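Colleague: I am new to this structure and would like to learn how to read its features. Could we take them one at a time?

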Amino acid sequence: MARYLLLAMNGPTSGAGDEEAYHAWYRDEHLPDFREMEEVVSARRFKTLRGNVPGMEQPWPFVTAYEIETDDFAGFSGKLAEKMKSFAPTLDRATSGHLMTIQLSDD
């Protein structure tokens, strides 16, 4: 079965209380929605300590790593698009980024 890694790099908007609301949404809504999908093996969040991203003064403050296993990537992508239609208003979508990768070997 093919293995994928989705990295979501983002952070909260800058209003008062936005970071708390952003974390609550991630914890209480977004991650549970992801974990409901049978292809998602794990979903873990990380706080960035340091980094270097060309063109960015500061790297994204948070990264979420989703491990995915499926032999039907197109089907999973469709489910993902359907499930991820809404985002918290405190997620700074203007500066968010993501990478979808496929594992090259079992190393």
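Colleague: Where is the place of methionine 56?

Modeller: Helices (H or I, at least four residues) and strands (E, at least two) are DSSP runs, numbered from the N terminus. Methionine 56 sits in the loop between β2 and β3. This is a predicted model, where local features need pLDDT of at least 70, side-chain atom pairs count only at pLDDT 80 or more, and totals for chains, interfaces and linings use all residues. Residues are numbered from 1 along each chain as its sequence is written, and side-chain values use heavy atoms, with hydrogens and water left out.

Colleague: Why does methionine 56 count as partly exposed?

Modeller: Buried means under 20% relative accessible area, exposed over 50%, and partly exposed in between (1.4 Å probe, protein chains only). Methionine 56 counts as partly exposed because its relative accessibility is 28%.

Colleague: Which residues does threonine 95 touch?

Modeller: Contact means heavy atoms within 4.5 Å. Not counting residues up to four places away in sequence, threonine 95 touches Met9 and Trp60.

Colleague: How should I read alanine 8, as buried or exposed?

Modeller: Alanine 8 is buried, because its relative accessible area is 12%. Alanine 8 is found in strand β1. Leaving out residues up to four places away in sequence, alanine 8 has contacts that include Tyr26, Phe62, Val63 and His98. Alanine 8 and alanine 65 are 57 residues apart in sequence, and 6.6 Å apart in space from C-alpha to C-alpha.

Colleague: What is the volume of the largest pocket?

Modeller: On a 1 Å grid over the protein atoms alone, a pocket is an open set of points with protein on both sides within 12 Å along at least five of seven lines, and lining residues have an atom within 4 Å of a point. Here the largest pocket has a volume of about 410 Å³. Of its 19 lining residues, the closest to the centre are Leu6, Ala8, Met84, Phe87 and His98.

Colleague: Which element gives the most to the lining of the largest pocket?

Modeller: That is α1, with four residues. At least two lining residues each come from β1 (3-10), α1 (18-35), α2 (73-83) and β4 (97-102).

Colleague: How do I read the length of α1?

Modeller: The expected span of a helix is 1.5 Å times one less than its number of residues. With 18 residues, α1 reaches 24 Å from its first C-alpha to its last, close to the 26 Å expected.

Colleague: Where does α1 bend?

Modeller: The bend at a residue is the angle between axes fitted to the seven residues ending there and the seven starting there. α1 bends by about 40 degrees at tyrosine 26.

Colleague: Which residues of α1 are buried?

Modeller: An α-helix has 3.6 residues a turn, so residues three or four places apart point the same way. Among the buried residues of α1 are Tyr22, Tyr26, His30 and Phe34. Their cover includes β1, β2 (40-47), β3 (62-69) and α2. Glutamate 29, also in helix α1, is partly exposed because its relative accessible area is 46%.

Notes
On a 1 Å grid over the protein atoms alone, a cavity is a set of points where a 1.4 Å probe fits but cannot get out, and a pocket is an open set with protein on both sides within 12 Å along at least five of seven lines; lining residues have an atom within 4 Å of a point. Grid points are joined across faces, edges and corners, and a volume is the space filled by probe spheres set on the points.
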